[in-house]
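Dear colleague,

Please find the sequence and the structure below. My notes on the ligand and its surroundings follow.

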Amino acid sequence: MPGRLGLLIQSLWNGKAYIVDKLYAKKSLGQNFLIDQNVLMRISDIVNITPDDRILEIGPGKGAMTDLLAQKSKHVVAVELDKRLVAHLREMFRQSENVEVVEGDILQTDLLQLLGERWTGKWKVAANLPYNISSQVLFKFMDNRTCFSELVLMLQKEVGERLVAKPSCKEYGILSVFCGLYFDISRELLVRPGSFRPVPKVDSLVLKFRVLDTPRVDVGDEMFFRTVVKGAFAKRRKTLWNCIRSAFPYINEKTLELVFRQCGIDPRRRGETLSLDEFALLGKALSRP
Ligand code: SAM
């Protein structure tokens, strides 16, 4: 039974002498478990933990990273959706007073409440994110960014590249603009498929997000700004003029011409060529045409 043997070896590797049984990976939950001890150590170094740090871990899986985080920090809150893994983690950390395993869906979790009830300072985040929900989790972090000082996230490489892409690159998109508004992001580590079990088909990238005290530029109403950016990227092959016309049909053509002129933006450009500053200008001008 290679699966069971593999789990036993992994458990021994982590210094825990017990068999983790029946924990086959669920593809629907993006379960690719990190088994490479060097990569785990490097990620925990990137999180740069001090003994006073409180850490939120998303999707702790079988607890390999949780263990390292707990050794270095004051408190780890680990949110896991899979009941089987929750039971395994609670058993694994039953003697660790600073590890709290919370069963739940991170997308449905009220982060302000979960973290604020425990500590009102700034938390750090460590997560090897399930790839199918990574964009939604990123938006969640943006909306709850006041809870955090830093996030260290492992993402599918292609998604990670999009977050740090510059205007006019093919990877540049909605997430690049929003992440640029709220975070300083650095590429930290490329992780190959062989570091996981089961082996995924794609490379992964570890990125560090430092949360800015205030958004990088003044965009006025942030929700309206998001509508503008989403509208501008809605049809990549269309000009800004066409995209913005479709997104804001109630603004008449004359007013729209004036808006573009005021901003000094050529409406024949494509959304993907606009910098964050230009999006901010356009958003503010559109909000009061
Ligand atoms: N951190 C572990 C590791 O590196 O080995 C596991 C990472 S695995 C890519 C993703 C983990 O997130 C799995 O344990 C999965 O069950 C969990 N997960 C998936 N969707 C989730 C959700 N919506 N909320 C919380 N955890 C979730």
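**The pocket and its ligand**

The lining of the largest pocket draws at least two residues from each of β1, α2 (37-47), β2 (54-58), α3 (64-72), β3, β5 (123-128) and β6 (148-156). Helices (H or I, at least four residues) and strands (E, at least two) are DSSP runs, numbered from the N terminus. A pocket is, on a 1 Å grid over the protein atoms alone, an open set of points where a 1.4 Å probe fits, with protein on both sides within 12 Å along at least five of seven lines; lining residues have an atom within 4 Å of a point.

This is a predicted model, in which local features need pLDDT of at least 70 and side-chain atom pairs count only at pLDDT 80 or more, while totals for chains, interfaces and linings use all residues. Residues are numbered from 1 along each chain as its sequence is written, and side-chain values use heavy atoms, without hydrogens and water.

In total, 48 residues line the largest pocket, and Leu29, Gly30, Gln31, Asn32 and Pro130 lie nearest its centre. The ligand sits in this pocket (more than half of its atoms lie within 2 Å of the grid points).

Around the ligand are 21 residues (each with a heavy atom within 4 Å of the ligand). Both β1 (33-34) and β3 (75-80) supply at least two residues of this shell.

A polar side-chain atom of aspartate 105 lies 2.8 Å from a ligand nitrogen atom, and one of asparagine 128 lies 2.8 Å from a ligand oxygen atom.

Yours sincerely

Notes. A polar contact is a pair of N or O atoms within 3.5 Å; within protein, one must be able to donate a hydrogen and the other to accept it, and residues adjacent in sequence count only if both atoms are side-chain atoms.
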